[in-house]
Amino acid sequence: MCGIWAAFGDKPCPDAQCWLKKMSGRGPEESVLKQVAGGLLGFARLAINGLNHGGMQPMENGNLHWVCNGEIYNWRDLSARYNLVNRSGSDCEILGSLWEQMGKSGIPYFRSLDGVFAMLIVDTTNNTVVAARDPYGVRPLYVGHKRTKPTSEAGVENENEYLMFSSETKGLLPFCDVIEPFPPGCYAVYDLKQRKRIALEPFHTVPWLKVPFFGPNFLGTPEGVALERTCAAVSHALEAAVRKRMMTERPVAALLSGGVDSSLIAALVQKQLVAAKLPPLKTFSIGFEGSSDLAHAQQVASFIGSDHYEIVMTPDDFWRVVPDVIRDIESYDITTVRASVGNWLVSREIRRRTDCKVVFNGDGSDEVNGSYLYFYNSPSDEAFESEVERLLRDIHFFDVLRSDRSISSHGLEARTPFLDKQFVALMRSLATQWRRPIKGERCEKWILRKAFEGSQLLPDSVLWRRKEAFSDGVSGAAKSWYQECKERAAAAVPEGWAEQAASIDHLRPSTAEAWYYRSIYREHYGCAGEKAAVPYHWMPKWTEGATDPSARTLSIY
């Protein structure tokens with residue numbers, strides 16, 4: 001996990017070192033600013049591979065200079081096929097040479113990379129910078145503009161005084177007038193003289209085609225045979241996604257809630273460590289006294305033989321850090337804030353109690369598998385798959401953002417196997433009838449659970465444990481976390497908050513909790529980045545009368 005930053009203008013960007021320093025959580029070990037093409041490339045480092053100084057960025061090769069926050073899991077294969085030299089052991093060292101070897105051809109180049117990344121490649125021969133981001137936005141990237149004058153009344157944009165890039169919005173705000181998230185699965189080319197984008201192309205789209213081979217009616221194949229080979233493909237793909245993410249020279253940990261997603265990932269990581277004769281995986285769970293997550297996580301940890309840490313906290317502990325969480329995650333979305341608090345706190349404890357730098361999690365599974373509880377209300381197979389596609393397309397605003405910021409703010413790197421591009425493609429290719437939950441007939445994530453049935457990776461009680469809302473998983477018996485948030489926010493906001501909220505056009509707060517989160521966000525980032533941070537509030541679909549994002553409020557729960 002690292003932070004990248006860049007600024008290009010006619011004159012040096014003021015306080016550049018201060019802007020880069022704001023991302024020291026992402027890169028606590030070393031930071032560098034380098035003058036390139038009349039601008040600055042910045043890098044804040046958390047070394048995961050290539051721990052020597054040769055792995056430090058920005059890197060260069062002739063007229064190319066680049067920075068990358070990411071992990072390229074197939075770098076050795078690419079090095080061998082294109083005869084690339086790697087002296088540092090850093091997977092990012094090959095990126096410049098590979099760009100030249102592939103003729104600076106964007107779509108083939110970025111499709112060749114198996115990994116997660118946000119990168120900038122500056123070419124001083126033609127004064128351009130190429131920016132790119134991985135398919136699901138696992139690594140963040142934002143673009144900012146500082147105008148010489150505000151946009152005219154006619155809506156005409158004036159010349160950009162500065163073109164800037166940053167892993168987080170805190171590296172751009174409040175300096176920039178306009179910021180936007182760089183779109184996942186795309187690359188863009190910017191002219192550094194005009195400081196404008198001159199090309200934007202997608203190199204990835206969310207897969208949607210079905211593969212008949214993975215269906216119950218392929219050429220008369222008995223359904224049992226078809227199901228067996230489908231399950232084998234699913235288990236192989238997830239294990240491969242975990243295996244490639246073991247690429248690290250630093251110790252690893254895993255978040256463990258005791259739900260099927262985090263439990264499968266922890267079990268597969270532990271399997272890899274045992275095979276390599278390495279010390280057991282360190283697993284971490286968090287919750288209030290009496291939390292169901294704590295009980296189930298302990299059961300899983302005992303079963304897989306991990307070195308388990310159970311972190312018991314109170315609602316006061318959770319609520320106390322909400323302002324810090326909003327500052328670090330750069331969001332005011334209600335469910336994102338609620339769910340981030342536990343992630344943020346457990347990441348803080350990993351940093352305090354261990355030397356682990358890489359943290360595996362089960363994030364992304366609900367989006368890939370269409371397993372939020374509201375999916376039980378999906379009216380058709382087509383509607384189910386369409387909603388899965390939407391969630392994957394927008395995941396960088398919500399769960400991916402929560403995962404990245406909550407973990408990286410403590411100098412750790414998140415690894416998210418469920419968002420492996422091959423795994424996602426496979427799961428989307430399966431017959432919808434094996435993916436879509438039907439009440440009383442088929443539970444959520446049925447095919448994923450079925451794929452690991454009989455594998456002895458997990459106890460059946462965990463493998464088939466029904467999905468719980470995050471609020472219930474971390475909560476004790478007395479009151480759910482989402483209820484705590486609503487009540488405590490109501491007591492924290494000033495009288496007349498609703499009148500103040502009336503002046504807000506974008507996602508006007510309609511509850512005390514929403515106003516409280518927005519006011520904290522504005523304290524840190526002002527108003528310029530509000531639309532870029534939260535384009536809409538996450539809410540369950542097909543749920544008439546829903547006014548709160550918590551699954552605990554749904555009738556299906």
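Is leucine 507 buried, partly exposed or exposed, and what is its relative accessible area? Leucine 507 is partly exposed, with a relative accessible area of 23%.

Notes on the model follow.

1. **Basis.** This is a predicted model, in which local features need pLDDT of at least 70, side-chain atom pairs count only at pLDDT 80 or more, and totals for chains, interfaces and linings use all residues. Residues are numbered from 1 along each chain as its sequence is written, and side-chain values use heavy atoms, with hydrogens and water left out. Helices (H or I, at least four residues) and strands (E, at least two) are DSSP runs, numbered from the N terminus.

2. **Leucine 507.** Its phi is positive, about 50°, although leucine 507 is not a glycine. Leucine 507 sits in the loop between α19 (497–501) and α20 (512–525).

3. **Lysine 277.** Here is another residue other than glycine with a positive phi, near 55°. Lysine 277 follows α6 and belongs to the loop between α6 and β14. At 77% relative accessibility, lysine 277 counts as exposed.

4. **Helix α6.** The helix covers residues 260–275, 16 residues in total. From first C-alpha to last, α6 reaches 22 Å, close to the 22 Å expected at 1.5 Å a residue. The expected span is 1.5 Å times one less than the number of residues. Of the 16 residues of α6, 13 are buried, so the helix is largely enclosed by the rest of the structure.

5. **The parallel sheet.** Five strands form an open sheet in the order β15-β14-β13-β16-β17, and the pairing is parallel. At the edges stand β15 (307–312) and β17 (413–415), each with a single partner strand, so one side of each is left without a neighbour in the sheet. The twist averages 30° from one strand to the next. Two strands count as paired if DSSP finds at least two bridges between them. Strand β16 (residues 358–360) is joined to β17 by 3 bridges. Phenylalanine 360 stands opposite arginine 415 in β17.

6. **Helix on sheet.** α6 lies across β13 (252–255), β14 (282–287) and β16. The helix runs at about 160° to β13. Axes are lines fitted to C-alpha atoms, for helices over the stretch in contact, and angles run from 0 to 180 degrees between N-to-C directions. Contact means heavy atoms within 4.5 Å.

7. **Strand β8.** This strand (residues 142–147) is mostly covered, with 5 of its 6 residues buried. β8 is antiparallel to both of the partners described here. Lysine 146 stands opposite tyrosine 162 in β9. With strand β10 (residues 178–181), β8 pairs over 4 bridges, again antiparallel. Tyrosine 142 has proline 181 in β10 as its bridge partner.

8. **Glutamate 159.** The residue is in the loop between β8 and β9. At 46% relative accessibility, glutamate 159 counts as partly exposed. Glutamate 159 touches Arg147, Thr148 and Arg195, not counting residues up to four places away in sequence. Isoleucine 198 is 39 residues from glutamate 159 in sequence and 14 Å away in space, C-alpha to C-alpha.

9. **Helices α2 and α3.** Helix α2 (residues 75–82) and helix α3 (residues 94–101) pack at about 45°, with axes 11 Å apart. The two are therefore oblique to each other. Angles under 35 degrees count as roughly parallel, over 145 as roughly antiparallel, 65 to 115 as roughly perpendicular and the rest as oblique. Trp75, Leu78, Ser79 and Tyr82 in α2 meet Ile94, Leu98 and Gln101 in α3.

10. **Cover over α3.** The buried residues of α3 are Ile94, Leu95, Gly96, Leu98 and Trp99. Their cover includes β4 (59–61), β5 (64–72), α2, α4 (106–112), β6 (115–123) and β7 (128–133). Glycine 103 follows α3 and has a positive phi, near 70°.

11. **Cis peptide bonds.** The bond from glutamine 57 to proline 58 is cis, with omega near 0°. Proline 58 is in the loop between β3 (39–45) and β4. The bond from leucine 173 to proline 174 is also cis, with omega near 10°. Proline 174 lies in the loop between β9 and β10.

Key
Buried < 20%, exposed > 50% of the residue type's maximum accessible area, 1.4 Å probe, protein only.
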